[in-house]
Amino acid sequence: MRLTCTVNGTEQHVDDVWEGESLLYVLRERMGLPGSKNACEQGECGSCTVYLDGLPVCACLVAAGQAEGRQIGTVEGLAGPEALHPVQQAFLDAGAVQCGFCTPGLLVATHDLIARHGRPSDAETREALAGNLCRCTGYEKILDAVRLAADRMAEPAAGGDR
Amino acid sequence: MSTPTRTPTGAPEHLTGPGSGGVGDDAQRPDGVLKVRGEFAYGSDLWMEDMLWGVTLRSPHPYARIRSVDTSAALATPGVSAVLTSDDVPGEKVYGLELADQPVLALDVVRYQGEPVALVAADHPETARLAAARIHVDYDVLEPVTDARTALGHPTWNQVHDSTAEVTELSRESAHLHPEGNLVRHLKVRTGDPAPTADVVVVGEYEVGMQDQAFLGPEAGLAVPAEDGGVELHVATQWLHVDQKQICSALALPPEQVRLTLAGVGGAFGGREDLSMHVHACLLALRTGRPVKMSYNREESFFGHVHRHPATMRYEHGATRDGELVYVKAAIYFDGGAYASSTPAVVGNGGTMGIGPYVVPNVHVDCYGAYTNNPPCGAMRGFGSVQTAFAYESQMDALAAELDMDPVELRCRNAMEEGSATPTGQVIDSPAPVVELLRRLEAMPLPARSGDGEVDLRDMPGGVSNTTHGEGVRRGVGYAVAYKNVAFSEGYDDHSTARVRLEVVGGEPTATVHTAAAEVGQGLVTVEQQIARTELGVERVVVHPKDTSVGSAGSTSASRQTYVTGGAVKAACEKVREQLVARAERLVGRTVPDLRLAGGAVVSDSEDITVPLADLLGDDVLEETLEWRHRPTEAIDPETGQGFAHVQYAFSAHRAVVDVDTELGLVKVVEMACTQDVGKAINPQAVVGQIQGGTAQGLGLAVMEEILIQDGKVRNPSFTDYLIPTILDMPPMRIEVLEYADPHAPYGLRGVGEAPNISSGPAVLAAIRAATGLPLTRVPVRPEHITGT
Ligand code: FES
Ligand code: FES
């Protein structure tokens, strides 16, 4: 089948997609966007988290055909060509990236969390990121990164005080 | 043939880190930007235009004879390029880390469920899977042996008060899974009085379930056939050169024709020390003449790598009335599963360090590794020490209770210190701050109890499932301390190779560090840069992609890379520095005793000398390559276990605070605190990250993680049923890092990664026992162990 959708603002057409393929497979193997990760392909780890029409979903659970005509946002679309997004920068500064396999999914999930909550409480962060497994960090530095990103993103408006 | 379009670790210039950050700094990872952009190429991301997909057909049976394999229907499937069986393995048909006993593809017998039987390459992964399902294998199913003691013909334990001495010698009556019998290794430690007596005796039997490394990046790689008849393999792994050696043997090719490059590694934790898809992808690539990618899905990953050995252990501790340990007897059984993997070394650790960081005059330990028809077990973070720590720390708590003594006090009274002898007769010749680690934990404030005031369900066991508002919830606090050898032991020639080049690039002195040491997420690439910056006084350090065009760095395991490869990089930098200093002295025409490298120049503090490296080098390139070794260890005596077995020990301690819903058996870990001596924190942020991650894996084993095996079959090969800690399961952590230099190690550093993985689980178990008053001798603790239902 033929698939047409918009990924990170660019319209994409892909031919010969087999019906059983997931959106994750199409992104990674047919569109050259392997940033979204394939840690489980069972909907259990969140490493494949992408935006589908603005909502974070596990791309491994979305059949490719379901993406027809829709807007998809992946980790590759978070930063501009030069500067990193503050969420990406905060993950680096906080030391929240070890192997980094969980990172793309966590970045998209955190991006969404901060968009919805501004400065989430730790409890809110834990709830929001409960579907994103990380095997390396024990999550402490991921929490640090979320706080750091939220603070930095709030700063221009809030004048830096908390 | 061309190289992959996405090079595995990015072009060298991408690995240039920020322009500061020497030894002791929180330098940022050179691969960090690629990772947050989604551009870091992991093994499963590799891709080439004309590549095929390889898949593995695995045995559904834990033990069976293969009568025949019919591949014709698979081969006839449109899109399929090759179907291979063991007949197609040109070289040695078996491989292994320590003993070559594992078939590349099954020969006449399969010994575990999931054993690879055949391979398929096709133009789409689904086509390959479909074709694999069409391979007809005729099995004669045999009765599996699924218990280590049964495999060895040892009596099973059923009464706690039997003496450990009752373990009989091998009867060799059970099925011989391997021609030499089912014993992989039996390690004995004997010291002091063989028949000691004591005022107070505590006996316990303990069991540890099979844990999975559960790294998130699946086993994956891309094999590319080369014009010289060889193959280039880009693969996520832990030790390129040991892979290369085994691949060469299976392919019957010389090392020059089997070139490996490290692909991005999504975590390892020991699970990538053995081969997985390596030889398989090479076989398919060589047969088809096309690049072949293999990438396991999560279910296959559970069958595709070795696990942590499950253990059954029986301990007897004798002490004086005032709490001095008189003796420890222990029998430790590791279930090695179907093939040896690193079982001999795991037995080595389990046996030599099996009584914990305590001074005990009389020790009698028997540690066994056995073949069974369970999944093969091998390396996992903590390597033989995780299992025994559950047992010996539980024993210390039981003994404290028997003596009516504070558990921390009992531990401190018997703790090792510098100058103490281990049960293997090795004198600890660097700091061993066991007492301080424990006392510092004790001094930390305890977390407030939730429930004083409004109840937040999220703080309760069971969380928002709304299973309790605090009724039936009891709090417990537990302590544990552990130690672990760093680097390879027992006389192994443990070394690493580093090549350091210095040249002027764009007017700036630039160092390039080239080692084959696998970066698996821990941050070794950062450490390599930090060391070069400090030793050469330059800012710009490029980490060369990791490959086999430089000598072996040894394994990324045993907490050894910062020590051994760090030591090699340091030594290579020193040789480059010698050349620079000699050049500077030639330039100034005399010897200057305090010349050093800083700020991109050779400088002297006593004299006004600053020679920029750019001037000193001009167009010259200085390069040094050397092999570096830590001081040698020695084999232990086979009858007594005595000997200088381990080059260094790492020490850590944990305090766990838990809330337990005693009615439902649900556990909420409220806080973890850890103290660890790291000798010298080369990168403090990364050190803390290792402690946090290790703590999480230990907690996971204590309360949730287990590969469930029934009759040799894995019942939960998915993240749906094999649970690892989520961000909701992990509590806040308090961490104190101590830096007592080890005079024998580069910068005084101590390996970091494993120790916190060892002490955390036993602390959680102790805390649950404290909360419930139950003996709890098995991990992971399940709700039914607490409720008794
Ligand atoms: S890969 Fe999609 S949830 Fe794990
Ligand atoms: S950093 Fe490795 S899984 Fe999160």
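Reader: B:Asp31 and B:Arg29, are they buried or exposed?
Author: Both B:Asp31 and B:Arg29 are buried (under 20% relative accessible area with a 1.4 Å probe, protein chains only; over 50% is exposed, and in between is partly exposed). This is a predicted model, where local features need pLDDT of at least 70 and side-chain atom pairs pLDDT 80 or more, while totals for chains, interfaces and linings use all residues. Residues count from 1 along each chain as its sequence is written, chains are lettered from A and ligands numbered from 1 in written order, and side-chain values use heavy atoms, without hydrogens and water.

Reader: OK. What do B:Asp31 and B:Arg29 form?
Author: A salt bridge, with 2.6 Å between the closest N and O atoms of B:Asp31 and B:Arg29. The term is for a side-chain nitrogen of Lys or Arg within 4 Å of a carboxyl oxygen of Asp or Glu.

Reader: Which residues are linked with them in a network?
Author: B:Lys35 and B:Glu519 join B:Arg29 and B:Asp31 in a network of salt bridges.

Reader: Are B:Glu393 and B:Arg411 buried or exposed?
Author: Buried, both B:Glu393 and B:Arg411.

Reader: Which distant parts of the chain does B:Arg499 link?
Author: B:Arg499 forms a salt bridge with B:Glu623, the closest N and O atoms being 3.9 Å apart. B:Arg499 is in strand S21 (residues 495-505) of chain B and B:Glu623 in strand S27 (residues 622-629) of chain B, 124 residues apart. B:Arg499 counts as partly exposed because its relative accessibility is 24%. B:Glu623 has a relative accessible area of 39%, so this residue is partly exposed too.

Reader: Switching topic. How is chain B divided?
Author: Into domain 1 (43-143 + 213-304) and domain 2 (495-629), with bounds from an automatic or database domain assignment. Over C-alpha atoms, the centres of domain 1 of chain B and domain 2 of chain B are 38 Å apart.

Reader: How many residues of these two domains are in contact?
Author: 15 residues of domain 1 of chain B contact 15 residues of domain 2 of chain B, contact being heavy atoms within 4.5 Å. The two domains of chain B have 0 salt bridges between them. On the domain 1 side, helix H5 (240-251) and strand S13 (258-262) of chain B each supply at least two residues. S13(B) gives the largest share of that side, 5 residues.

Reader: And chain A, how many of its residues are in contact with chain B?
Author: 57 residues of chain A touch 64 residues of chain B. The two chains bury about 4,500 Å² between them, 56% of it on carbon and sulfur atoms; buried area is the accessible area (1.4 Å probe) that two parts lose on being put together, summed over both.

Reader: Which three residues supply more of the area that chain A buries than any other three?
Author: A:Gln98, A:Arg126 and A:Arg135, with 18% of what chain A buries against chain B.

Reader: How many salt bridges between chain A and chain B?
Author: The count is 5. One of them joins B:Asp45 to A:Arg28, with the closest N and O atoms 2.8 Å apart.

Notes. Helix = DSSP H or I, 4+ residues; strand = E, 2+ residues; numbered from the N terminus.
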